[in-house]
Amino acid sequence: MMDRVTRGGLADQQFAISMLSLKYQPEMHPVLLAALQSPAPAVRVQAAAVFAKLRERFGAEAKRLLAPDSVPDPQQQRE
């Protein structure tokens with residue numbers, strides 16, 4: 001996927017970014033960073049949209065996991 005973003009034509013780059021959006025895994029982060037730094041404005045815009053989508057998705061999950069109600073109280077577990 002990195003080759004498509006860094007060496008492919010515009011269609012290849014856009015296809016790779018769309019795959020990032022659909023099948024993102026944390027190990028794909030370098031590919032997204034490369035797309036955000038692309039010299040092609042259309043690629044940067046698409047990558048930024050994917051980044052925003054992922055930030056919203058993972059940000060909401062992180063907030064849910066860090067919410068006070070989701071952290072078990074060790075005192076209650078002993079009883």
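A nonpolar core is a set of buried Ala, Val, Leu, Ile, Met, Phe, Trp, Tyr and Cys residues joined through side-chain atoms within 4.5 Å; buried means under 20% relative accessible area with a 1.4 Å probe, protein chains only. The model is predicted, with local features needing pLDDT of at least 70 and side-chain atom pairs counting only at pLDDT 80 or more, while totals for chains, interfaces and linings use all residues. Residues are numbered from 1 along each chain as its sequence is written, and side-chain values use heavy atoms, leaving out hydrogens and water.

The largest nonpolar core holds 13 residues, and Ile 17, Leu 20, Leu 32, Ala 35 and Val 50 have the most contacts inside it. Helices here are DSSP runs (H or I, at least four residues), numbered from the N terminus.

H4 gives the most, with four residues. In H4, Val 43, Ala 47, Val 50 and Leu 54 are buried, and the buried residues of this helix pack against H2 and H3. Contact means heavy atoms within 4.5 Å. Not counting residues up to four places away in sequence, Ala 35 touches Val 5, Ile 17, Val 43, Arg 44 and Ala 47.

The axes of H2 and H4 (lines fitted to C-alpha atoms over the stretch in contact, with angles from 0 to 180 degrees between N-to-C directions) come within 10 Å and cross at roughly 0 degrees. The two helices are therefore roughly parallel, a term for angles under 35 degrees.

How values were computed: Buried < 20%, exposed > 50% of the residue type's maximum accessible area, 1.4 Å probe, protein only. Parallel < 35°, antiparallel > 145°, perpendicular 65-115°, else oblique.
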